[in-house]
Amino acid sequence: MYTPQAVDDMAVSLKESGQHVAATGFLEDADVVLIEGETRLRGARLAGLKTLRVEIKHKPNSERELYKRARAANVERRDQTPLDDAVKWKELLARNVFDSQAALAQELGIKGGESTVSRTLGLASLPQPVVLALSEHPTLLTFQMLNAVRAYWDA
């Protein structure tokens with residue numbers, strides 16, 4: 001999620017310290033398409049920077065492969081939250097990028113398989129204002145806390 005606070009913090013960091021880590025992307029026609037680095041891009045724009053360093057990779061073979069690369073980078077940095085997964089997985093399943101929850105779980109190597117995917121997808125039922133409020137408090141973005149908020153909201 002690209003919260004206003006995260007983008008503001010990135011803008012300040014980029015302006016004060018410069019860019020330490022390149023975003024990654026690929027070329028499509030004459031454009032660069034980001035695989036990961038959206039917060040850095042938004043922060044650079046907010047800071048009025050004219051450039052962003054992007055490491056160019058091979059173009060993914062499919063939207064599924066693009067998502068897997070982006071998610072792997074976020075998980076590696078520990079930026080991926082269960083709420084991020086819930087929102088994106090719901091979208092990917094709705095667009096048939098993955099045929100089923102089981103296929104998504106298998107392809108991404110999710111511990112707990114389809115059951116974990118199903119429980120995570122339940123978080124996507126939270127109303128947008130609640131999601132935005134939660135996203136401003138990273139310490140609340142654990143699965144256990146999000147699930148408790150969802151159960152409370154559903155009640």
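Author: Quick definition before we start: two strands pair if DSSP finds at least two bridges between them. Helices (H or I, at least four residues) and strands (E, at least two) are DSSP runs, numbered from the N terminus. This is a predicted model, where local features need pLDDT of at least 70, side-chain atom pairs count only at pLDDT 80 or more, and totals for chains, interfaces and linings use all residues. Residues are numbered from 1 along each chain as its sequence is written, and side-chain values use heavy atoms, with hydrogens and water left out.

Reader: Which residue in strand 2 is the bridge partner of glycine 25?

Author: Strand 1 covers residues 23-28 and runs antiparallel to strand 2, residues 31-36, with 5 bridges joining them. The partner of glycine 25 in strand 2 is leucine 34.

Reader: And in strand 3, what does glycine 25 bridge to?

Author: Strand 3 (residues 54-56) runs parallel to strand 1, and 3 bridges join the two. There, glycine 25 has as its partner isoleucine 56.

Reader: Which residue in the hairpin turn has a positive phi?

Author: Strands 1 and 2 make a hairpin with 2 residues between them. The turn residue with a positive phi, about 60 degrees, is aspartate 29.
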